[in-house]
Amino acid sequence: MAGSHGLTAHDVTVQFPRPGRQPDVTVLRKVSLAVAPGEVVALLGPSGSGKSTLLRAIAGLERLTHGDVRWDGSSVVATPVHLRGFGLMFQDGQLFPHRDVAGNVAYGLTFPTPDDGANPAGARPSRAEKAERVAELLELVGLPGFEGRSVSTLSGGERQRVALARSLAPGPRLLMLDEPLSALDRSLRERLTGDVARILRDAGTTALYVTHDHSEARVVADRVGVLLAGELAQIGTEEELWGAPASAGVAEFLGT
């Protein structure tokens with residue numbers, strides 16, 4: 001485990017109740033990982049392995065049965081979701097059709113952020129500051145000048161870029177992306193993977209990135225974790241993971 005800076009999840013366990021006297025279903029079992037500031041960690045695993053549940057648990061959308069989630073050494077388990085300073089981007093982008101591109105990107109700037117000294121909690125940017133931030137983000141994601149465009153006129157790739165810009169707008173301490181490119185066709189997904197990796201690094205974003213695509217994880221992430229049956233089977237760099245799988249299960253999943 002890394003030091004006290006950035007994200008630390010320790011022994012995260014999530015159980016879902018079942019009706020009657022049936023035992024609870026354990027979706028995550030004692031998952032521990034750390035993400036350093038500015039690091040991108042991808043989570044790989046088969047469907048039902050608990051990847052999305054882990055993101056939701058860290059975000060505060062799922063109650064922990066056991067364990068702790070910390071940011072810079074301080075627990076955020078009791079902190080409301082909207083005050084954790086964590087962003088969550090889903091695969092469908094969830095853009096607002098009644099807002100133009102600028103309105104979608106600026107949406108995240110209307111909510112309070114954690115008080116980190118540089119950006120006091122509750123501070124609201126002015127209209128000019130919002131416009132400047134929107135323009136900066138659209139430049140970052142490769143869509144300069146798209147402010148007034150209707151989202152209904154955008155391609156699938158352009159919509160995901162707008163969704164990513166919106167997620168980055170408030171400057172989240174941690175951005176979690178849940179299979180953000182999986183709804184796109186393969187050729188477009190391959191083209192966007194490198195762009196997403198560049199965008200996250202250029203923004204200096206600390207990120208957890210869920211994907212089922214092995215090549216996507218290798219391009220986007222500094223380290224990759226493999227979740228199997230609700231447990232973190234291994235986490236490491238591309239060389240560590242594909243070069244020395246920790247178990248037969250990891251080797252089989254990675255196809256090594």
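1. Two strands are taken to pair if DSSP finds at least two bridges between them. Helices (H or I, at least four residues) and strands (E, at least two) are DSSP runs, numbered from the N terminus. In that sense Phe86 stands opposite Leu174 in β7.

2. The note concerns a predicted model, in which local features need pLDDT of at least 70 and side-chain atom pairs count only at pLDDT 80 or more, while totals for chains, interfaces and linings use all residues. Residues are numbered from 1 along each chain as its sequence is written, and side-chain values use heavy atoms, with hydrogens and water left out.

3. Overall architecture. The protein chain contains eight helices and 10 strands. Its radius of gyration is 19 Å, close to the 18 Å that the globule rule gives for 256 residues, so the chain is as compact as a globular protein of that length. The radius is taken over C-alpha atoms, and the rule is 2.2 Å times the number of residues to the power 0.38. The C-alpha trace spans about 55 × 40 × 40 Å along its principal axes.

4. Of the 256 residues, 44% count as buried (under 20% relative accessible area, with exposed over 50% and partly exposed in between; 1.4 Å probe, protein chains only). Among contacts (heavy atoms within 4.5 Å) between residues at least 6 apart in sequence, 67% join residues at least 24 apart. The chain exposes about 12,000 Å², of which carbon and sulfur atoms supply 51%; accessible areas come from the Shrake-Rupley method with a 1.4 Å probe, and for residues only the protein chains shown count as cover.

5. Charge. There are 26 positive and 30 negative side chains, and the centres of the two sets lie 6 Å apart. Lys and Arg count as positive and Asp and Glu as negative, without His and the chain ends; each charge is placed at NZ of Lys, CZ of Arg, CG of Asp or CD of Glu.

6. Strand β7. Five of the five residues of β7 (residues 174-178) are buried. In a regular strand the side chains alternate between the two faces of the sheet. Here Leu174, Met176 and Asp178 point one way, Leu175 and Leu177 the other way, and all are buried. Strand β6 (residues 86-89) is joined to β7 in parallel by four bridges. Strand β8 (residues 207-210) also pairs with β7 in the parallel sense over four bridges, and Met176 stands opposite Leu208 in β8.

7. Strands β3, β9 and β10. Strand β3 (residues 40-44) runs parallel to β9 (residues 223-228), with four bridges between them; Ala42 has Val224 as its bridge partner in β9. On pairing with β10 (residues 231-236), β9 is antiparallel, over five bridges, and Gly225 is partnered by Ile235. The two form a hairpin with two residues between them, and Ala229 in the turn has a positive phi of about 50 degrees.

8. The antiparallel sheet. An open sheet of four strands has the order β2-β1-β4-β5. Its edge strands are β2 (25-35) and β5 (74-75), each pairing on one side only. Five bridges join β1 (residues 7-16) to β4 (residues 66-71), and Thr8 stands opposite Arg70 in β4.

9. Helix α1. Seven of the nine residues of α1 (residues 51-59) are buried, so the helix is largely enclosed by the rest of the structure. Among the buried residues are Lys51, Thr53 and Leu54. Gly60, which follows α1, has a positive phi near 95 degrees.
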